[in-house]
Amino acid sequence: QRIPGIYGVDTRAVTKLIRQQGAVLGKVEVDGSTPADALKFEDPNLANLSAQVSRTKKEVFLPPPVATGSGADGSPEHAPAGKEHAVSAKVASGSTVHILAVDCGIKNNIIRYLVNVLRVKLTVVPWDYDFRNEEFDGLFLSNGPGD
């Protein structure tokens with residue numbers, strides 16, 4: 001069909017602008033349609049995007065049981081998790097490592113990897129959760145939406 005979706009735009013200049021200023025807000029105006037200045041402009045930087053995508057309550061994820069007998073003493077060293085091998089994440093006391101993740105838009109695959117492959121106990125809390133009184137071995141601040 002060979003019909004361009006957009007033309008007459010110096011994409012090198014757009015790339016240079018983004019490199020210098022980071023993500024920028026913009027609109028695409030189509031000839032013959034409503035002018036861009038007449039369209040409502042919603043600035044995502046004015047919204048609390050983390051609040052929109054975060055969990056609303058605390059959730060705990062535990063690693064599944066491991067296969068036995070792979071270690072020299074019969075204890076599990078590795079357990080399959082998909083195409084990767086899971087490791088046993090234990091602290092010096094022998095208990096499973098406990099990670100607290102603050103959800104600012106965490107991807108489900110990150111949760112799956114931490115729990116099923118790295119075999120940690122994972123507690124995921126909302127973006128505004130007060131975790132100062134929680135006990136955990138490590139803190140994970142998830143990536144958020146957008147910039």
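Of the 18 residues lining the largest pocket, Ile6, Tyr7, Val9, Val28 and Glu29 are the closest to its centre. The lining comprises 11 nonpolar, 4 polar and 3 charged residues; Ala, Val, Leu, Ile, Met, Phe, Trp, Tyr, Cys and Pro count as nonpolar, Asp, Glu, Lys and Arg as charged, and the others, Gly among them, as polar.

The model is predicted: local features need pLDDT of at least 70, and side-chain atom pairs count only at pLDDT 80 or more, whereas totals for chains, interfaces and linings use all residues. Residues are numbered from 1 along each chain as its sequence is written, and side-chain values use heavy atoms, with hydrogens and water left out.

Attention now turns to the sheet. Four strands form an open sheet in the order S1-S5-S4-S6, with mixed pairing. Its edge strands, S1 (59-61) and S6 (138-141), each pair on one side only. From one strand to the next, the twist averages 20°. Strand S4 (residues 98-103) runs parallel to S6 and is joined to S6 by 4 bridges; two strands pair if DSSP finds at least two bridges between them. Ala101 has Phe140 as its bridge partner in S6. Helix H3 packs on the sheet and touches S1, S5 and S6, its direction making about 150° with that of S5. Such angles run from 0 to 180 degrees between N-to-C directions, the axes being lines fitted to C-alpha atoms, for helices over the stretch in contact. Helices (H or I, at least four residues) and strands (E, at least two) are DSSP runs, numbered from the N terminus.

Arg119 lies in the loop between helix H3 (108-117) and strand S5 (121-126). Although not a glycine, Arg119 has a positive phi of about 60°. Arg119 counts as buried because its relative accessibility is 9%; buried means under 20% relative accessible area, exposed over 50% and partly exposed in between (1.4 Å probe, protein chains only).

Val53, in helix H2 (residues 49-53), is partly exposed because its relative accessible area is 44%. Not counting residues up to four places away in sequence, Val53 touches Asp103, Cys104, Gly105 and Pro145, contact meaning heavy atoms within 4.5 Å.

Technical notes. 1 Å grid on protein atoms, 1.4 Å probe; cavity = no way out; pocket = protein on both sides within 12 Å on 5 of 7 lines; lining within 4 Å.
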